[in-house]
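Welcome, and take a moment to look at the model before reading on. We will begin with one loop and then work through the fold as a whole.

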Amino acid sequence: MSEVLNVQYNNEPCYDIVLDDSFEGLAERISGLGFSGRKIAIITDTNVEKLYAEQIKECLETVSPTTVVYAIPAGEENKNLSEIEKIYQVLIDNHFDRHDLIVALGGGVVGDMVGYTAATYLRGIAFIQIPTTLLAQTDSSIGGKTGVDFKGYKNMVGAFYMPKLVYMNVSVLNSLPGEQFASGFAEVMKHGLIKDSDFYMWLIDNMYEIEEKDPETLMSMIKKSCSIKRAVVEKDPTEKGDRALLNFGHTIGHAIEKYKDFTLFHGECVALGCVAAAFISWKRQMLSMEEYYEIRDMFVPFGLPISVTDIDAEKVIELMHSDKKADGNTIKFILLKKVGKAVIDPSVTDDEVREALKEITWTDDFE
Ligand code: NAD
Ligand code: ZN
């Protein structure tokens with residue numbers, strides 16, 4: 001039951017996103033891209049290696065005489081240049097040249113790191129994405145943003161570099177821990193909120209099936225989410241304009257993520273950031289009160305937070321201004337003009353953010 005979406009880059013067809021429920025079609029796709037007989041390096045992380053590396057290796061051995069598997073230690077803390085150096089070394093030791101192929105098998109961390117390795121090794125070698133988290137399948141594997149963290153700064157070093165293929169097998173989500181699934185779902189909700197109110201309503205109507213990971217529902221959800229992300233990145237591949245809409249929920253979300261020293265999941269911070277941004281949109285009379293509360297409460301069944309304890313609003317605001325996306329002192333805040341239509345608004349004041357942070361701060365004193 002495979003489905004294909006093509007992504008354009010600068011108005012030219014660039015790469016296919018294949019959605020499937022197995023890895024059966026992978027080898028054929030790779031040989032269709034002209035990599036039969038070439039070396040293939042499967043770069044993964046230590047968790048995903050145990051689950052899927054052997055299966056992918058066997059699959060790729062049918063088209064490649066040399067397949068190498070290398071696993072980065074799992075976790076965002078390893079998304080750095082010293083781990084990239086180790087990948088370069090594996091490629092050099094195995095004599096990879098510019099005609100060979102690298103496969104990124106894993107979540108967003110692996111995808112971003114392998115993409116960056118591919119962009120820079122020998123000034124560019126082909127790579128494909130096999131995303132294995134909900135976040136990677138609906139968000140990070142599409143659009144060609146690659147990179148690593150640097151000395152505590154997230155995604156500070158990187159490149160735009162397009163994959164040759166994104167192959168997603170939705171059944172791998174069955175092994176994904178619940179909190180990782182929920183974290184990815186926050187980005188799916190975001191896609192509905194910024195671009196497609198019908199999809200947002202569909203998510204509400206299919207909440208139970210999504211939670212149960214019903215295969216057909218997941219396939220439809222991921223396909224729709226991918227097509228929203230695709231439309232945004234096709235219009236603005238290098239984030240000069242509209243791609244900023246994808247930052248909905250991320251302005252305050254990132255600041256909370258940093259303030260909490262990355263102890264919360266990214267999607268949890270995105271959920272909080274979405275609630276805060278929806279609150280500001282309501283206060284500006286762009287959303288009705290009912291719409292605001294509906295958005296807020298939609299995160300709850302997925303175990304995503306809509307309030308947080310122990311927040312120092314002034315520190316969070318300070319962190320928000322220091323984010324690299326803050327342009328001078330103006331923050332390109334993303335608000336909802338209505339459900340399904342986000343707008344960039346540079347006029348959001350610290351006072352509005354303060355009020356929104358108060359709204360999402362959990363307190364147990366009833367005065
Ligand atoms: P991740 O890659 O760390 O994966 C989360 C955890 O799940 C890891 O421990 C991983 O080993 C494990 N895992 C992965 N697939 C699994 C599976 N099928 N079964 C069981 N365990 C599995 O995190 P993530 O949330 O996928 O990605 C986050 C990263 O993505 C961040 O570094 C962020 O900066 C980046 N990102 C990039 C973009 C982009 O456009 N490039 C967009 C959003 C986020
Ligand atoms: Zn995000």
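Predicted model: local features only at pLDDT ≥ 70, side-chain atom pairs only at ≥ 80, totals over all residues.

Where is the place of lysine 151? Lysine 151 sits in the loop between strand E7 (145-150) and strand E8 (153-160). Helices (H or I, at least four residues) and strands (E, at least two) are DSSP runs, numbered from the N terminus. Lysine 151 is not a glycine, yet it has a positive phi of about 45 degrees. With 70% relative accessibility, it counts as exposed; here buried means under 20% relative accessible area, exposed over 50%, and partly exposed in between (1.4 Å probe, protein chains only).

Residues are numbered from 1 along each chain as its sequence is written, chains are lettered from A and ligands numbered from 1 in the order in which they are written, and side-chain values use heavy atoms, with hydrogens and water left out.

Now for the whole chain. The protein chain has 14 helices and eleven strands, and its C-alpha trace spans about 70 × 40 × 40 Å along the principal axes. A compact globule of 367 residues would have a radius of gyration near 21 Å, and the 20 Å of the protein chain agrees with that. This radius is taken over C-alpha atoms, and the globule rule is 2.2 Å times the number of residues to the power 0.38. Of the 367 residues, 54% are buried. Contact means heavy atoms within 4.5 Å; among contacts between residues at least 6 apart in sequence, 75% join residues at least 24 apart.

Next, some helix packing. Two packed helices are described by the angle between their axes and the distance between the axes. Axes are lines fitted to C-alpha atoms, for helices over the stretch in contact, and angles run from 0 to 180 degrees between N-to-C directions. The axes of helix H7 (residues 197-205) and helix H9 (residues 215-235) come within 11 Å and cross at roughly 155 degrees. H7 is therefore roughly antiparallel to H9; angles under 35 degrees count as roughly parallel, over 145 as roughly antiparallel, 65 to 115 as roughly perpendicular and the rest as oblique. Phe199, Trp202 and Leu203 of H7 meet Thr217, Ser220, Met221, Lys224, Ser225 and Ile228 of H9.

H7 also packs with helix H6 (residues 178-195), at an angle of about 140 degrees and with the axes 6 Å apart. That angle makes H6 oblique to H7. On the H6 side the contact is made by Phe185, Val188, Met189, Gly192, Leu193 and Lys195, and on the H7 side by Ser197, Phe199, Tyr200 and Leu203.

Lysine 213, between helix H8 (207-211) and H9, has a positive phi of about 55 degrees although it is not a glycine. It is buried, with a relative accessible area of 17%. Threonine 132, in the loop between strand E6 (126-131) and helix H5 (134-140), counts as buried at 6% relative accessibility. Finally, lysine 39 lies in the loop between helix H1 (26-32) and strand E3 (40-45) and is partly exposed, with a relative accessible area of 22%.
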